[in-house]
Structure formats: C-alpha cells, structure tokens
Amino acid sequence: MSVLLETQGLTKRFGGLTAVNGVSLTVRRGEVLGLLGPNGSGKTTLMNLISGALKSSEGALLINGKDMTGAPPHRIAKSGVARTFQLVKILPSLTLEENVMVPAAFGPDRLWGRALKAQVAECLDMVGLHARAGQQASELTYIDQKRLELARALASAPKLLLLDEWLAGLNPTELHEGIRLIRELEQTGITIIMVEHIMDAVRALCPRCAVMNSGTLIADGPTDQVLSDPHVVAAYLGE
Ligand code: ADP
C-alpha cells in the first residue's frame, strides 16, 4: 500500500503551550487509523493541522507525496482531505439534498448539473438517507444528523476522511449502525483517521492505532498491542 499522508515532526504551539509536539505519522492508502489519547492530548489540534485549519509551528505535512506544509484548507481539501466535526455542522433549514449539494458544488471539483445531482444522490445513498433527500435537515434525529454530516464530508469524494468522534453520543443500537456504516465506507477504499474514545468501536474498526499524550505520540502500532501497552494504560489513568 502506498503512503497517502505523512507528517514529519509536526508541532503546534499556542503561546507557551505545545499542543502537538514533533508528531511523525505515516498513513497508507486504505488504512483505518484510530487516533487515541486522553482529553487535551492534542488529537483535535493534529486533525486541524492535517486539514489545514491550523498552520504548524514546525515540521512538515505531505499528502500524496506533495508538500502541503502551511497550505490553506481549500488546497488541502483539493488534495482529497475531508472531515467531520465533534459538534455536528449541518444546515438545519435546508433539505438533506441541499446540505450535501453545498460542499459538492463548492468543493474541490465544483460539480454542477447532472454530475452534481448524481454525486449528491450517491453520498446520501452511502449513508442510508437517499429516500429522505427532500426532507428538511432540522427534522432529523441525532444519528441521522451524524449520517448527513458524513454525507457532506463525502460530497467532495475525499481520499482521506478525518472523523472527529463521529460515533460519540450514539445509543448502543445506533453505535452498531454507525460502526457498520464506517465498515461499508472502508470497503470503498477510502483512508480514514478517526479520533475515538469508544474502545469497542476502535477494536472493531481500526487495525492500527496511534496514541497521543501531552502533544506527543506515545504509541503507534497494531491495536491490540497498543491498547495493552503500559505507557498507554498509564496515560489514560493520568499517571
Ligand atoms: P484533544 O483533542 O486531545 O482533547 P486538543 O488538541 O483539543 O486535545 O488540545 C490540546 C491542547 O491544546 C489543550 O491543552 C488545549 O487546551 C490546547 N489548545 C487547543 N486549541 C487551542 C487554541 N486555539 N488556543 C490555545 N490552546 C489551545
């Protein structure tokens, strides 16, 4: 498998605080990587550096072999990166179709006409919302809002999808559905980095995990091995 994403010594400082400290991470095409770590360990900041929402203080970011260090979010999106957010960001007054149309039309490929309609339909279909395309987004239940957010992220046909606690807040039945949905996405060959606290989901979906603590990458490897690593266990216990 070829490398899709590489960070080299990526560092982000906020004043005197180093939120991400020299993180070097390589993600291959088609991988589903779990990004773990206690609260405040730098996971969201790292996702923001990868998506271009934040500029690194030091280090390099390579996507598809291209140097994207310091590139603005739209250029990174054009290179095939899309994300979901911890707090759902759908447009409640628009229909489901319109919600997906916005990122598809204004995304890196700027689709229009029939191609746009087809792409929107495919994304809604992928998340199981196709039959409700004309419904207003404000009428959706929480899991369906999450589904819609995923469809919005998929609208730009990304190569790398960043999921920020996409499974958080779901009840056990919904969680099961959510896991199945991510599995289906994985089958399409998309590469996923998921920040996730639900360990059952991490075990079910991620063959590999990376763990951060105080901004530093403290473990990276096969999930079983990583989760039983004493350094990782200690980080979670706050030692
Ligand atoms: P996590 O996602 O693992 O919970 P974050 O990346 O959100 O961690 O935060 C890492 C550290 O950086 C925390 O100490 C947090 O308070 C700090 N931080 C995050 N964003 C900012 C910001 N915009 N300004 C200042 N400090 C920040």
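Reader: How are the axes of helix α3 and helix α4 oriented to each other: roughly parallel or oblique?
Author: In this predicted model, the axes of α3 (residues 96–106) and α4 (residues 113–126) come within 9 Å and cross at roughly 120°. Angles of 65 to 115 degrees count as roughly perpendicular and those over 145 as roughly antiparallel. The pair α3 and α4 is therefore oblique.

Reader: How are α3 and α5 oriented to each other: roughly parallel or oblique?
Author: Helix α5 covers residues 142–154, and its axis lies 8 Å from that of α3, at an angle of about 30°. Angles under 35 degrees count as roughly parallel. The orientation of α3 and α5 is therefore roughly parallel.

Reader: Which hand does the crossing of α3 with α5 have: left or right?
Author: The crossing of α3 with α4 is right-handed. For α3 with α5, the crossing is right-handed.

Reader: How many residues of the contact of α3 with α5 are nonpolar?
Author: The α3 side consists of Leu-96, Asn-99, Val-100 and Pro-103, which meet Leu-148, Ala-151 and Arg-152 in α5. This contact has one polar and one charged residue, and its nonpolar residues number five.

Reader: Which element gives the most to the side of domain 1 that touches domain 2?
Author: Domain 1 comprises 1–80 + 158–239 and domain 2 comprises 89–156, and their C-alpha centres are 24 Å apart. Ten residues from domain 1 and ten from domain 2 form the contact. On the domain 1 side, α2 (73–78) and α6 (172–187) each give two or more residues. With three residues, the element that gives the most is α6.

Reader: How many residues on the side of domain 1 that touches domain 2 are charged?
Author: The residues on this side divide by class, with six nonpolar and one polar. The charged residues number three.

Reader: Which element supplies the largest share of the shell around the ligand?
Author: The residues surrounding the ligand are Phe-14, Leu-17, Ala-19, Gly-37, Asn-39, Gly-40, Ser-41, Gly-42, Lys-43, Thr-44 and Thr-45. At least two of the shell residues come from β2 (17–28), and at least two from α1 (43–51). The largest share is three residues, and the element that supplies it is α1.

Reader: Which class has seven residues in the shell around the ligand?
Author: Three residues of the shell are nonpolar and one is charged. The class with seven residues is polar.

Methods. Residues numbered from 1 in each chain as written. Predicted model: local features only at pLDDT ≥ 70, side-chain atom pairs only at ≥ 80, totals over all residues. Domains from an automatic or database assignment. Contact = placed C-beta atoms within 7 Å. Helix = DSSP H or I, 4+ residues; strand = E, 2+ residues; numbered from the N terminus. Nonpolar A, V, L, I, M, F, W, Y, C, P; charged D, E, K, R; others polar. Near = placed C-beta within 6 Å. Axes fitted to C-alpha atoms, helices over the stretch in contact; angles between N-to-C directions. Left-handed = near helix turned anticlockwise from the far one by under 90°.
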